[in-house]
Amino acid sequence: MTTEKHVLRILDEVLSLNGRSATFNRNTLLLGALPELDSMAVVSLLTALEEQLGIVVADDEIDGATFSSVGSLSDFVAAKLA
């Protein structure tokens with residue numbers, strides 16, 4: 001499974017998208033465009049990414065740009081997995 005597919009699966013699970021993430025691609029906008037992704041959901045998403053993918057994300061590593069699109073979030077996670 002690719003990093004992007006992992007991210008999409010976790011997004012779908014955490015945000016309760018009921019499979020809607022299957023229509024997302026790298027250019028799909030997230031923060032500010034996806035109503036389910038509020039500040040509390042960002043925290044839940046980070047926790048799920050850390051727990052399910054075995055990564056650790058420091059507070060100073062994240063900003064709004066990380067969550068701007070599926071591509072930016074996938075790239076961030078891929079860099080953490082490298």
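This is a predicted model: local features need pLDDT of at least 70, side-chain atom pairs count only at pLDDT 80 or more; totals for chains, interfaces and linings use all residues.
**Entry 1: overall picture**

Next I went through the secondary structure. I found three helices and zero strands, and reading along the sequence gives me the pattern α-α-α. The radius of gyration is 11 Å, close to the 12 Å that the globule rule gives for 82 residues, so the protein is as compact as a globular protein of that length. I also noted the box filled by the C-alpha atoms, which is roughly 25 × 25 × 20 Å along the principal axes.

**Entry 2: contacts, surface and charge**

I then turned to contacts with a separation of 6 or more, and 59% of them are between residues 24 or more positions apart.

For the surface, I noted an accessible area of about 4600 Å². Carbon and sulfur atoms account for 54% of that area.

How many positive and how many negative side chains does the protein have? My tally is 5 positive and 12 negative. The centres of the two sets lie 9 Å apart.

**Entry 3: the core**

A thought to keep in mind here: in soluble globular proteins, nonpolar side chains tend to be buried together. With that in hand, I opened up the largest nonpolar core, which has 24 residues. Which of them touch the most other members? They are Leu 11, Leu 37, Leu 45, Leu 49 and Leu 73. The elements that give two or more residues to this core are α1 (3-14), α2 (39-53) and α3 (70-81). The top contributor is α2, with seven residues.

Setting aside neighbours within four places in sequence, I see Leu 37 in contact with Leu 15, Leu 30, Leu 31, Val 42 and Leu 45. Leu 45 is a pleasing partner to find, as both it and Leu 37 are on the list of residues that touch the most other core members.

**Entry 4: Val 57**

Now for the loop between α2 and α3, where I stopped at Val 57. Is Val 57 buried or exposed? Its relative accessibility is 12%, and the cut-off for buried is under 20%, so Val 57 counts as buried. Beyond its neighbours within four places in sequence, Val 57 is in contact with Leu 46, Glu 50, Ile 62 and Phe 76. I checked the Leu 46 pair in particular: Val 57 and Leu 46 are 11 residues apart in sequence, and their C-alpha atoms are 7.6 Å apart in space.

**Entry 5: the loop between α1 and α2**

My last stop was the loop between α1 and α2, where I looked up Ser 16, Asn 18 and Gly 32.

Ser 16 has a phi near 50°, a positive value in a residue other than glycine. With 52% relative accessibility, Ser 16 counts as exposed. Asn 18 counts as exposed, at 76% relative accessibility.

Gly 32 counts as exposed at 83% relative accessibility. How many Å apart in space are Gly 32 and Lys 80? I get 24 Å from C-alpha to C-alpha, for two residues that are 48 apart in sequence.

Conventions:
Residues are numbered from 1 along each chain as its sequence is written. Side-chain values use heavy atoms; hydrogens and water are left out. Helices (H or I, at least four residues) and strands (E, at least two) are DSSP runs, numbered from the N terminus. The radius of gyration is taken over C-alpha atoms; the globule rule is 2.2 Å times the number of residues to the power 0.38. Contact means heavy atoms within 4.5 Å. Accessible areas come from the Shrake-Rupley method with a 1.4 Å probe; for residues, only the protein chains shown count as cover. Lys and Arg count as positive and Asp and Glu as negative; His and the chain ends are not counted. The place of a charge is taken as NZ of Lys, CZ of Arg, CG of Asp or CD of Glu. A nonpolar core is a set of buried Ala, Val, Leu, Ile, Met, Phe, Trp, Tyr and Cys residues joined through side-chain atoms within 4.5 Å. Buried means under 20% relative accessible area, exposed over 50%, partly exposed in between (1.4 Å probe, protein chains only).
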